[in-house]
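Subject: Handover of a structural model

Dear colleague,

Please find the model below, handed over for your further work.

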Amino acid sequence: MNKQNNKNKIMEKYSIFIVLLIMIIICSMLNKNFLSTGNISNIMKQLAVATILAYGEMLLIISGMLDLSSGAVLAMAGVFSVSVYKSTGSLLVAFLVAILFGVICNLVNALMVTNFKTPPFIATLAMQMVARGIALLFTKGQNISQLGDYVVFGQGTIGPIPISIIFMAVITIIIWYILRHTRFGRSLYAIGGNEEAAIASGINVAKNKYVVFAINGILVGVAGVLFMSRVNAGLPNGAVGYEMEGLTAAIVGGTSFSGGVGTTLGTLAGAFIIGCLNNIMNLIGVDSYIQQIVKGVIIALAVIWDIHSKNKKTAKVILVEEKSEGK
Amino acid sequence: MEQEIKLRVSGIEKSFPGVKALSNIEFSVRKGTVHALCGENGAGKSTLMKIINGIYKPDKGQIFVDEKPVKIQSPIQARSYGIAMIAQELNYVPEMSVEENLFLGRLPVKKMGNVDWKLLRKKTEEFLKKEGLPYGASQKMKTLTVSDIQMLEIIKAISNDAQIIVMDEPTSAITQREVDTLFEKIAMLKEQGVSIIYISHKMDEVFQIADDITVLRDGAVVETHPASELDVDKVISLMVGRKMDNIYPKEPAQIGETLLEVKDLYSDGVFKDISFNVKKGEIIGFAGLVGAGRTEVMRAIFGLDSYTSGSIRKSGQEITIHKVADSIRNSIIMLSEDRRRYGIIPVRSVTENASIASLEKFIYGGYAHEKEERETVSQYFQKMNVKTPTMETAIQSLSGGNQQKVLLAKWMLRDPEILILDEPTRGIDVGAKYEIYKLMTEIAKDGKAVIMVSSELPELIGMCDRIYVMNQGKISGELKRSEFSQEAIMRFATGTR
Amino acid sequence: MKKRVLCGLLGTVMAASLLSMSAFAEGDSYRVAYIARAQSDSFAAWLANEMMTATEAYDDMTLDVFDGQADDEKENAAIENAITNQYDAIIVQPNNGEAQRPYVENIVSAGIIAITTNARIDGIEGASSVDADPYAQAAVNAQLALEQVPENAKVVVLNGPSGNFHADKRREAWQAEFFDKRPDVEIVGEQIANWNKDEAVQYMEDWVTSNDTIDAIISMNDNMAAGALEVVSGKEEFADILSYGVDGTAEACLLIEEGKMTATCLQSAIDLAELNMESVHKLLTGEETQIDTDIDAVLITKDNASEYVEMYKERGLLD
């Protein structure tokens, strides 16, 4: 009985990591290069931007919101950053500019959501259009090229490790820390789990919503820098639909759309599942159209498995409780 | 005059998980009369009416209309038997027009299945004109007053050829003048041979219009009499006449100085002239009928709602409360009546639910001391006798009583001085109730002040040192322990002298 | 009663005279509407800008630009509006030729001059067209590749969005002019990167992992070619990689000048815009009644790249 319980507990907690593990095993059988250092580094480089956006989405979904503007804000912050770099030559200033614009857009999102009570879906959808429009207007729809040393963010390495991977790793640790070890993190779970209960527990919900949007803004800004430097261009049209990649990674990673549930490592695993899937299909040369179908099916299966293994566990808990109360 | 029986229920029983709501109900309504149904909150009035209206299925028993046995399985079926219900909380779609609401679910259609708007408009206008109602068929429902809407509900019932109309607390939200209009309407309906089942807490109204009165208590019919054979006192004593059980572990407490004093608290349109105090070691009760404004007063003191004017003093010092954080800082906490809405965070663990209001105790020095958190919380759980499989179990999979104890633990972790407990035992079983009473006694013995809002008179009488009674947004009376009686409380609560 | 009639009459006269005056004011210059595919597509946006610039050369023409927002519905609505507004000529850059075809036919039957451009719509009676021939653009590259790509080479192919006229035609040209003639060449990777640089980067990273050698990048536009080159830049083993694009973007010209990219074909928005304005002017003045013309498919290689880099610098698109 006890052993059974433990097994279930492990399944519940780690089901998404098991999915990832199975995927990695299958992938490595499909292509000998899959587990090569070069390829793993590739996967992580390809994942960095989406993962960073996914963390922002995760924080927002946990607290009962979401961001549909992140792809567009990424592009806007990115082209501003690129052009600031081209005129000042300062990597630091360019980096800060991206973050600044990411944060400004998200503070507007927060204002809409908390003060004007706009549903986050609509508020951030509006921001998506505005930010994309500003990016296009600013560049007259043209790509900015010749970025020079700016590419160091997305293409440079420290020792053998690509800088974008270092960014992703550091951000992962910071987000994990915020969610696990700060009062703010705990408050997010409460707000998303039951906003009225959070208010009745003395949590300043409005302030926390501003902060979580601001953090999302920082993440989007960083993602903007990595994206533009990775492609060595300021693309006002870039990153269309990236918010969906972020959302998908977060949801596949076990973040619940109804709020109050989600973990940093789960989201990381979700991003890796999608990243490995993309990578292996390119490695073995799967046709574009079939790729889309396979991706949709695998994502659905991963989520079904995850939810299923959690539900089994919940059912057990209630049974156990009824028994113990019966005594 | 002996009239024929229009509606009769016989041997109706109904149980909900853990509760027997109705047992062996015998009840009949004569044609063309008003039959009042009286009873405390939770006596089973609403359940009985929902069975008659086909919302609940009875476990046992039979319903007869015109002495013919019928099976009513849905409100639509009830309607086909001429039964209509005007609910306490009116059901309507605020964004839709009067005509659409009036014919909701039975809009006239043309051959092709599309709505016949012309006919709808014509029918609606006929009704409005006949009833002399001063609004248009196309007006949006939300622009109407509550009494307008209520009138419309009645018209809706009549338009459907209802022969039996159930009115659940129809006057709880309307003015005296509108009450008069309603009563005129009821008199007219009676003449047309319509039977009315009238549920109300307001004794004066009941005696004004009822032909017969049935009193329910604990899910059973106590007595049925013609109204002429009863008076207010008799009905009240029938309503509350239950034996006091010895389930209240009240111990005489050391009552100290005044801890909280509220003076002339006023909130526009919600409550006024609220003045009361609570002393160290004291448990005070707030009695009143549903809608009397008790919860609203407490929410204002706790900072969940704002108040217009008045003062709140703690140990003689004036305090201002704008938000929950203010009251928590002043060591005032509140356990909400609506546990699911304002209490639990369903998907999170019991530990997190308990620690959420005192995070600074566990998250300090740069990281979360999770072990310390678990240990402290589990100590409180032991004290409160919380039963949970693990400390990580999501609170939603616990029983109501255990959830309530977790929430109490959450606030006890803050070691508050003043505790507001709004319906602390609602919806939990007898055993858990007893444990909560015991905890309340211990808390009071610790020199803390407890304010208990409750609709269950026996528990107020059993647990409190003093009871304030509210009626229609005002404190209508204050009773010392020596003056406690259900009759006395009900008199203040119903506004009858 | 009489007064009212008088007032009415007066009003009518005033309105009529105002209308005729404004008609007269418009009368001395031709009103041309340009319905752009999407202002958010970088080539389309550039073309729209160049259209505005090219109009300045004509005193008797004014140009209004409308945005089809990469959406057939919106593009068609924009065409309808332009017809209603009685423009003298309407230039349509289709989002999807077949979807716009009936609307362009409506322009013609409304007696308004119609031009389809940058992906012409073939076979509309009475409508003119100005385009860059996508087949020729890819073909000049393919003919060059025929000589340059080594025997038994391994190549990767980056495609534009499927169903896109230019994407399909360019791929067709590569098939007919290169792959069919060189059965020895092996395609080791082919994906749709939707004209996007970032998508091309990702595909190329994976191809580089799964293939020891890649001899050539065959891309249906410059953006994707540049993205693929980004991946191999600085990698010894790919130093000799060949790469072909189309469009002649500023970035591609620069890469060719630096010797990183092999060749592209200029699809010059400037030329296209000038040819459009020239044609529409001829049609408006009645000099000609039907024009179907293409801008030249100019091959850009290391030999002539600096010329175009210079041009972009003049336009402020490079620094």
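Of the 319 residues in chain C, 50% are buried; a residue is called buried if 20 or more other C-beta atoms lie within 10 Å of its own, exposed if 12 or fewer, and partly exposed in between, with C-beta atoms placed from the backbone. Please note that this is a predicted model, in which local features need pLDDT of at least 70 and side-chain atom pairs count only at pLDDT 80 or more, while totals for chains, interfaces and linings use all residues. Residues are numbered from 1 along each chain as its sequence is written, and chains are lettered from A and ligands numbered from 1 in the order in which they are written.

Chain C overall

The C-alpha trace of chain C spans about 95 × 35 × 35 Å along its principal axes. Its secondary structure consists of 11 helices and 12 strands, taken as DSSP runs numbered from the N terminus (helices: H or I, at least four residues; strands: E, at least two). Chain C is divided into domain 1 (7–130 + 269–294) and domain 2 (134–266), with bounds that come from an automatic or database domain assignment. The C-alpha centres of these two domains of chain C lie 35 Å apart. Among the contacts in chain C with a separation of 6 or more, 71% are between residues 24 or more positions apart; a contact requires C-beta atoms, placed from the backbone, within 7 Å.

The parallel sheet of chain C

Four strands of chain C form an open sheet in the order β7-β6-β8-β9, with parallel pairing; two strands pair if DSSP finds at least two bridges between them. Its edge strands, β7 (186–192) and β9 (242–244) of chain C, each pair on one side only. Neighbouring strands of this sheet are turned by 15° against each other on average, direction ignored. Axes here are lines fitted to C-alpha atoms, for helices over the stretch in contact, and angles run from 0 to 180 degrees between N-to-C directions. Strand β8 (residues 216–219) of chain C is joined to β9(C) by three bridges in the parallel sense, and C:Ile217 has C:Ser243 in β9(C) as its bridge partner. Helix α7 (residues 197–210) of chain C lies across β6 (154–159) and β7 of chain C, at about 150° to β7(C).

The mixed sheet of chain B

In chain B, six strands form an open sheet in the order β16-β19-β20-β13-β21-β22, and the pairing is mixed. The edge strands β16 (332–335) and β22 (474–480) of chain B each pair on one side only. Strands β19 (residues 418–422) and β20 (residues 449–453) of chain B run parallel and are joined by five bridges. Within this pair, B:Leu421 is partnered by B:Met452 in β20(B). Helix α17 (residues 486–494) of chain B packs on the sheet, touching β13 (283–288), β21 (466–471) and β22 of chain B, and its direction makes about 30° with that of β21(B).

Contacts between chains A and B

Here 27 residues of chain B are in contact with 25 residues of chain A. On the chain B side, α10 (324–329), α11 (339–343) and β18 (367–368) each supply at least two residues.

Positive phi angles

A:Lys140 has a positive phi of about 55° and is found in the loop between α5 (120–139) and α6 (152–155) of chain A. A:Lys140 counts as partly exposed because it has 14 C-beta neighbours inside 10 Å. C:Ala119 has a positive phi of about 80° and sits in the loop between β4 (113–117) and β5 (128–132) of chain C. C:Ala119 counts as buried, because 22 C-beta neighbours lie inside 10 Å.

Yours sincerely

Notes: Two residues are in contact if their C-beta atoms, placed from the backbone, lie within 7 Å.
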